Amino acid sequence: MSTGFERLAADGYALLKGQRVGIVTNPTGVTRDVRHIVDVMHADPRVKLTAVFGPEHGFRGTAQAGGSEGRYNDPATGLPVYDTYLKSGRPLADVFTASGVDTVVFDIQDAGARFYTYIWTLYDCMEAARLAGRRFVVLDRPNPVTGRSAQGPVLHKEFASFVGREPIAQAHGMTVAELARLFNAEFLSAPVPLETVQMTGWKRTDFYDASGLPWVPPSPNMPTPDTALVYSGTGLFEGTNLSEGRGTTRPFELLGAENIDGRWAAAANELGLPGVHFREAYFAPTFSKFQGKTVGGVQVHVHDRAAYDPVRTGIGLLVTAKKVWSGFGWRSDNWIDKLTGSTRVRTMIDAGAGTDEVVAAWQEELTAFRGIRTKYLLYR
């Protein structure tokens with residue numbers, strides 16, 4: 001299996017010949033021997049790398065969630081590093097213009113969920129490159145949780161934000177190059193000159209470990225491919241008053257709050273959700289919600305990842321948490337609506353709907369998205 005970057009390099013960077021190149025990347029932009037591609041490209045006379053653009057958490061990864069590294073010169077290469085975080089439209093286009101690059105390259109490992117912000121960094125950078133009259137190249141990497149199918153609710157446009165700009169499914173089942181093709185054709189105000197460098201040897205049914213690639217955490221709370229496997233479902237707990245496991249060694253696999261006991265795990269197991277078991281668990285987050293306090297809850301144990309449905313599981317856990325814990329509540333800003341893409345999940349669960357009823361409510365829009373998605377897939 002070869003990544004887009006490996007194929008680009010093997011071809012002597014011919015796609016970038018004669019271009020001043022800037023790259024949008026982060027710590028996941030590595031070779032299989034874990035050298036950063038910026039260091040590799042900077043040292044290679046066949047490519048003229050002149051700028052780096054850092055997303056949330058930064059290019060070298062020094063910032064926590066909701067942070068970035070700002071504008072600086074990279075100590076290792078001397079290259080100027082520009083901050084893209086929370087920039088879009090004309091302000092981001094002005095960054096590309098100021099950098100003097102001809103081509104913007106994107107190479108970041110995604111986690112497969114609509115509310116994981118790097119795909120919207122991709123979207124924003126594509127739109128900004130179009131406004132700045134720049135060419136855009138996407139170097140593909142695997143979807144770590146496979147590209148088998150799309151799952152979950154589709155975003156309603158009135159709930160657009162940086163955790164979901166456009167109407168795609170919560171677990172989109174696409175690679176970043178496929179998403180770039182979708183964005184360019186369906187959502188950008190006008191297409192950007194786009195080229196994608198596909199992987200070879202990747203199949204839609206492949207989980208990340210089939211790639212043979214090292215896992216570099218795309219963000220501080222995405223430590224392993226196991227985290228990515230559950231994230232598109234349990235990430236919904238960011239919209240509640242429960243801990244989503246930040247500040248533990250198993251974020252998004254550990255969920256809980258004060259005064260929850262073993263009844264939650266028992267109720268979740270009674271749902272008979274495919275491919276997963278739930279264990280009564282206790283933990284003390286070192287930061288974020290319930291910092292330094294011992295809380296009770298569940299640990300998510302996926303035993304059959306081919307059968308596992310992360311979004312249905314996330315809904316089942318929300319439904320049962322509300323059922324067994326009287327303290328259950330949504331975040332006061334209704335962040336859950338941004339994460340799920342509408343008011344539907346919140347209002348249905350508040351009205352007492354069960355897991356199957358909630359999941360059934362989005363099937364029509366999901367079917368429509370799957371039909372659109374098919375046109376932009378690059379792999380079998």
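Author: Welcome! Let's start with one term: two strands pair if DSSP finds at least two bridges between them. Please also keep in mind that this is a predicted model.

Reader: Thanks! In which order do the three strands of the open sheet with β10 lie?

Author: Here is the general idea: strands of a sheet pair through backbone hydrogen bonds, and they can do this in parallel or antiparallel fashion. In this case the order is β10-β12-β11, with antiparallel pairing. At the edges are β10 (254-257) and β11 (276-283), each of which pairs on one side only. On average, neighbouring strands here are turned by 25° against each other, ignoring direction.

Reader: How many bridges join β11 to β12, and which residue does E280 stand opposite?

Author: Eight bridges join β11 to β12 (residues 295-302), and the two strands run antiparallel. Within this pair, E280 is opposite V298 of β12. A helix packs on the sheet too: α8 (residues 310-324) touches β10, β11 and β12, and its direction makes about 50° with that of β11.

Reader: At what angle do the axes of α7 and α8 cross?

Author: Two packed helices are described by the angle between their axes and by the distance between those axes. For α7 (residues 263-270) and α8, the axes come within 9 Å and cross at roughly 135°. That angle makes α7 oblique to α8. The crossing is right-handed. To see the contact for yourself, find R263, W264, A267 and A268 in α7, which meet L317, T320, A321 and V324 in α8.

Reader: Now for α6: how many of its ten residues are buried?

Author: For burial, the cut-off is under 20% relative accessible area. In α6 (residues 225-234), eight of the ten residues are buried, so by that cut-off the helix is mostly covered. Among them are L229, V230 and Y231. The buried residues of α6 pack against β8 (169-171), β10, β12 and α8. Look at the start of α6 as well, where a side-chain oxygen of T224 comes to within 3.2 Å of the backbone nitrogen of D226.

Reader: And what is the strand order in the open sheet of seven strands?

Author: That order is β3-β4-β2-β1-β5-β6-β9, and the pairing is mixed. The edge strands are β3 (72-73) and β9 (194-197). For a parallel example, take β2 (residues 48-54) and β4 (residues 80-83), joined by three bridges, with F53 opposite Y82 in β4.

Reader: Which strands does helix α3 lie across?

Author: Helix α3 (residues 89-99) lies across β2, β4 and β5 (103-107), at about 155° to β2. Helix α5 (residues 176-187) lies across β5, β6 (135-139) and β9, at about 160° to β9.

Note on methods:
Residues numbered from 1 in each chain as written. Predicted model: local features only at pLDDT ≥ 70, side-chain atom pairs only at ≥ 80, totals over all residues. Heavy atoms only, no water. Helix = DSSP H or I, 4+ residues; strand = E, 2+ residues; numbered from the N terminus. Axes fitted to C-alpha atoms, helices over the stretch in contact; angles between N-to-C directions. Contact = heavy atoms within 4.5 Å. Buried < 20%, exposed > 50% of the residue type's maximum accessible area, 1.4 Å probe, protein only. Polar contact = N/O pair within 3.5 Å; in protein donor to acceptor, adjacent residues only side chain to side chain. Parallel < 35°, antiparallel > 145°, perpendicular 65-115°, else oblique. Left-handed = near helix turned anticlockwise from the far one by under 90°.
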